[in-house]
Amino acid sequence: MLYEVIGKGKMVLFQDGKAFPGTWSKASATARTKYFLDNGKEAELNRGITWIELVPSTNQVEYN
């Protein structure tokens, strides 16, 4: 599969047992991907191992 990883899109951050909807953005191939919560603030990721999962935009992520 070919994913577009430059630009912006929707995201859900799962952290500390909670789900935080927001957006991601990446300006160029060498730029850092930034994650923003719906309140407009940049998401602060916990220290340690981080897992990023890409999902096609045609799919829907369901969670409780």
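Colleague: Which element gives the most to the lining of the largest pocket?

Modeller: That is β1, with seven residues in the lining. Bear in mind that this is a predicted model.

Colleague: Where does β1 run, and which other strand supplies at least two residues of the lining?

Modeller: β1 covers 7-15, and β2, at 18-26, also supplies at least two lining residues.

Colleague: How many residues line the largest pocket, and which lie nearest its centre?

Modeller: The lining has 31 residues. Nearest the centre of the pocket are Lys10, Met11, Val12, Glu53 and Val55.

Colleague: How much space lies in there?

Modeller: About 1100 Å³ for the largest pocket.

Colleague: Changing topic. How many salt bridges does a search of the whole structure find?

Modeller: One. The partners are Arg32 and Glu42, whose side chains meet at 3.1 Å, N to O.

Colleague: Is Arg32 buried or exposed?

Modeller: Arg32 is exposed, because its relative accessible area is 52% and the cut-off for exposed is over 50%.

Colleague: What about Glu42 and its relative accessible area?

Modeller: Glu42 has 33%, so that residue counts as partly exposed.

Note on methods: Residues numbered from 1 in each chain as written. Predicted model: local features only at pLDDT ≥ 70, side-chain atom pairs only at ≥ 80, totals over all residues. Heavy atoms only, no water. 1 Å grid on protein atoms, 1.4 Å probe; cavity = no way out; pocket = protein on both sides within 12 Å on 5 of 7 lines; lining within 4 Å. Points joined across faces, edges and corners; volume = space filled by probe spheres on them. Helix = DSSP H or I, 4+ residues; strand = E, 2+ residues; numbered from the N terminus. Salt bridge = Lys/Arg side-chain N within 4 Å of Asp/Glu carboxyl O. Buried < 20%, exposed > 50% of the residue type's maximum accessible area, 1.4 Å probe, protein only.
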